[in-house]
Amino acid sequence: MPTPVTGDPAPPGRAGPADGPRDRPGPGSRIERRLRAAAGAGVRQWLTAGLLPAAAILWTLSLPLIDFRHMGDYGLLDRFPPVFYLSLALLTTGFLAGLRRAGTWWPAAYCAALLVAVKAPTAVLYDSVRYPWASKHDAVIGHLLGNGLHPQAHLSGNMAAYDQWPGFFTLNAALVRAFGVDSAAAFLNWAPIVFGLLTMPVLVLIYRTFTEDRRLVWTAVWIFQLANWVGQDYFSPQGMSYLLYLAVIAVVLRHFVRPGSAGRLRSRVHLDPAAAAVPPPTTARQRAVCVAVLAPLIAAINVSHQLTPVMLCASLVALNLTRRYRNAGLLVVTGVIMLIWDLTMGRPLFVETLESLRRSAGDLLENSRAGYAGQLTGPGPVLQGHANVAMVLAVVVPAAVALLIRRKLLRSALPLLLVSVAPVPLFAVNDYGGEMLFRVYLFGLPGAAFFAAAALVPAAGGRTPGPAGRRIGAAALPVVVFALVGGFLLSYYGKEKMYYTPPAETAMVVRAIDRAPDGTLVLAATGSFPMALHRYDELEHWFFVEQEEPANIRMLEDPAGYLATQIPDGGRAIVVLTRTQETFTAGEGLLPPGGFVTLRTRLEQSPEFRVLERNQYGVILQYRSQ
């Protein structure tokens, strides 16, 4: 007997209860979506795991192909082989794939690999010091090892300032002794990589204070590394002091929250989906212990650098404007430590700085200028200058967008924003030798990178945008990340011809300066060449082209007469003119096109100077005393 049918049978083509759309495979079904998701996850897993070693192999293979000894107008940009650029593309692709793998450390591995890939080529390849002025710091270390500290002594080129802030140099003098090497030149080219790797965990600590979204954290770290093109992470007191500054800020942000100050931010309802809960409050006693722990770090900053303590005070003042981090005790301790050092060991330069502040205070246009005396010239320097502006916009514009579209995240991360904008008022105080613009950018970069990442990484669980918004959001992150890689290379290596000096040129300079009797005046167009301040404790130095271009144009009319009037009667002087100086003076706009050749030719032809040595790397001339 047939089974009775309850209800109408399903018409052909329509799903019945047993084979509904939720179970039957087909386009758009749940099973299909799961299969696609599983396939996508598998592809991302293989990409993430495979692209890192592939990029490392390609990068390693590219190194012998980099012809750094014959750089042209574009520095290393046209000397990097295609396989080098391919390795960076693979790293970037792998990083983007790793961001989508929850609970893994692949993004950290890719961030570390990126740092090495973009900054280590010169450390691996160069047979001389990158950044000629870094050799000045090597000379200071040699001076400390041989003569000790003399903070009140007069030293050529205002080099006594390094004896007055000797922390960085004393540490590295100990490393020179510990490693048993002749000088810091043996390891100083690795400073950007070391500082960068040490900075990564500190940045993660800062960013994790304000977000639980690991994608946002590592995207911010990636952006920070690429946007840090200003070259202040080289072997210098600023590089070390900046790392210590970030460490102090990280501790303050995590352990100085006042009880009852979080207010509505204690509730997830008032937080961005990606925001982290406000750190637990600390008692007055706990904060006092933290101040005692931070005091040695703050002292190390003050012993090593003049500007970073001021930046730290500015950041702490900004944090004190919030209820969450109002702590006058730490600010007072920081200010007292700074003043004690400035009024004791650093008093000579501190008094001199106060005099310059009277002249520069309030001159915003002059204080915010870049450190160039004239217009950048040459394809590479001009391209790098444009790239610098584009890189700033590539970070600042997304950060500004995030402030508008992620108001809840801004509310909880407001302290990080305040720390980032705190250095800006220093434009009204001083130009710091034409570098204040770059230093303000550097100290504002951690917050700018965080908010730029917030604009590019959508909050998980947040409001779902429409189809157009999803397409824009999906494209924005990879486009910006790849663009930042290209922009970094332009900004970091476009003027590389200025930064590499052949060892033979340096040897010529050392020979000339070693032969000079004590008290000799060493004249050079600029101090931007290796060993420019060799024997600075025994000789005087004058870099006579480091002035505004109109004055140099007048000087070129009669360079021999110009120099002779500045040499004391009966005094001894030598002139050192090298190929690196020619590249630097042209690229930075200190001299007009062909100006260095004119300078050299007229001095060689002058009866007031005689040639001691001449080769393809430069010329050494001696002044004929009257």
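Of the 626 residues in the chain, 52% are buried; buried means under 20% relative accessible area, exposed over 50%, partly exposed in between, with a 1.4 Å probe and protein chains only. This is a predicted model: local features need pLDDT of at least 70, side-chain atom pairs count only at pLDDT 80 or more, and totals for chains, interfaces and linings use all residues. Residues are numbered from 1 along each chain as its sequence is written, and side-chain values use heavy atoms, with hydrogens and water left out.

Secondary structure: 24 helices and 5 strands. Those are DSSP runs, numbered from the N terminus: helices are H or I, at least four residues, and strands are E, at least two.

Now the core. The largest nonpolar core has 184 residues. Such a core is a set of buried Ala, Val, Leu, Ile, Met, Phe, Trp, Tyr and Cys residues joined through side-chain atoms within 4.5 Å. Helix α18, residues 436–456, gives the largest share of this core, 15 residues. Among the members that touch the most others are Tyr 207 and Phe 450. Those two also touch each other. Contact here means heavy atoms within 4.5 Å. Leaving out residues up to four places away in sequence, Tyr 207 also touches Leu 416, Pro 446 and Ala 449, among others.

Last, Ser 128. Where does Ser 128 lie? In the loop between α3 (106–125) and α4 (134–147). Ser 128 is buried, at 13% relative accessible area. Beyond four places in sequence, Ser 128 touches Asn 189, Tyr 500 and Thr 501. The Ser 128 side chain reaches the backbone oxygen of Thr 501 at 2.7 Å.

Definitions and conventions
A polar contact is a pair of N or O atoms within 3.5 Å; within protein, one must be able to donate a hydrogen and the other to accept it, and residues adjacent in sequence count only if both atoms are side-chain atoms.
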